[in-house]
Amino acid sequence: MKASVINEFGDVNVLKYSDVETPKPKRGNILIKILAAGINRFDLYIRKGEVAPELPFPHILGTDAAGEVAQLGEGVTSFNVGDRVIPAPGYPTKEEEYTIRPTNTAPSFTIPGLGVWGTYAQYMEVPERFVMKDITGLKPEEVATLPIAIATGVHATKEIGGVKAGDKVLVHSGASGSGSMIIQIAKALGAQVATTVRDNKKGEAVKKLGTDLVINTREEDFVERIKQWTGGQGVEVVIDNLGGDVLAKSLESVKPGGVVVAFGFVAGTQVSFDIRNLFFKQKQIRGSMASDIDDLKYGLELVRKGKIKPVLDHTLPLSRAAEAHRLIAENKVTGNIVLLPWEE
Ligand SMILES: NC(=O)c1ccc[n+]([C@@H]2O[C@H](COP(=O)([O-])OP(=O)(O)OC[C@H]3O[C@@H](n4cnc5c(N)ncnc54)[C@H](OP(=O)(O)O)[C@@H]3O)[C@@H](O)[C@H]2O)c1
């Protein structure tokens, strides 16, 4: 099969469009023909060697995909060849841990494109239990924008952040792959949502997602604007996919007893803040990483009901994965870029 393979860590040029052996599905596994593969910023960190320095090569990146069942391993009963499917964006690699919940707490939990070969390929192998029937009714390239963003977004917003109807929530980087989903998840949970962007073009795009307040942080201080929006109180929850200095300011944007969910580190991995701002007002910082299989089911049901729409920037053939990585690194993407493995 064709795949975009890395044989070393490095810049975008380490992504090589090559031939590799097509996996043969083991007992209990399914071979999925990938119709579209999503790209996430996390893939860039793995490519650069910042996540798993011991990764064995050759390696195939990519967590998100939409596809169809190509071949059934022995014992697989719940799918037929040709079914449209979505692989879960993470699962335990040890069979004895398949039933551990939340899925992401299993010791052998990993995501495709990290601990196992990923989706930048024409085929991938996934355990039957972690393959979902595609109920969305969307095109493959739209579906491929969803799995990790929607599942981790549900996990961070509903499970870790505890967002509920009537809450005011701040979501950073509303035009990002994660932010654009989290806004819609928080709205579906009945919250009012503010979001940050750094240019007005992306601001217009996020307004279409139902955002109640858009703050361009190059023009306004988001802490001040959030204070105005909440009558001086602060929001109940911030979902912080940026980290760094932004997270310190997120802490100033939550009300007493409020929660900041640490979700990403685009703006930096180190944070410095006055500890009194945390404990005098009994605020909390909670980490959220990956998701449970039920988070994916919950999110896809929202998609099926039309409450969440994919945000597809554009598609590129799989052979142009390097270009897609470059565009993400340059912050030129609204929502997600998707690779098409069968397009020249
Ligand atoms: N915890 C989890 O389970 C989980 C799941 C998914 C993603 N994540 C993390 O969430 C983060 C975002 O991922 P993503 O896939 O949504 O990324 P993305 O789609 O590439 O979007 C990131 C956006 O951040 C903005 N940005 C870049 N540098 C910035 C800075 N210094 N200050 C403020 N904004 C900046 C840019 O938008 P503008 O130029 O428009 O501002 C950029 O487009 C990553 O760290 C990722 O690893 C975590």
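Six strands, arranged in the order 13-12-11-14-15-16, make up an open sheet with parallel pairing. Strand 13 (213-216) and strand 16 (284-287) are the edge strands of this sheet, each pairing on one side only. From one strand to the next, the twist averages 20 degrees. The model described here is predicted.

Within the parallel sheet, strand 11 (residues 168-171) and strand 12 (residues 192-197) are joined by four bridges. V169 has V193 in strand 12 as its bridge partner. Helix 5 (residues 200-207) packs on this sheet and touches both strand 12 and strand 13. The direction of helix 5 makes about 165 degrees with that of strand 13.

A further open sheet consists of three strands in the order 2-1-4, and here the pairing is antiparallel. Strand 2 (16-19) and strand 4 (59-60) each have a single partner strand, so one side of each is left without a neighbour in the sheet. Strand 1 (residues 2-6) pairs with strand 2 in the antiparallel sense over four bridges. In this pairing, S4 stands opposite Y17 of strand 2.

| Strand pair | Sense | Bridges |
|---|---|---|
| Strand 1 (residues 2-6) and strand 2 | antiparallel | four bridges |
| Strand 11 (residues 168-171) and strand 12 (residues 192-197) | parallel | four bridges |

Conventions. Residues are numbered from 1 along each chain as its sequence is written. This is a predicted model: local features need pLDDT of at least 70, side-chain atom pairs count only at pLDDT 80 or more; totals for chains, interfaces and linings use all residues. Two strands pair if DSSP finds at least two bridges between them. Helices (H or I, at least four residues) and strands (E, at least two) are DSSP runs, numbered from the N terminus. Axes are lines fitted to C-alpha atoms, for helices over the stretch in contact, and angles run from 0 to 180 degrees between N-to-C directions. Two residues are in contact if their C-beta atoms, placed from the backbone, lie within 7 Å.
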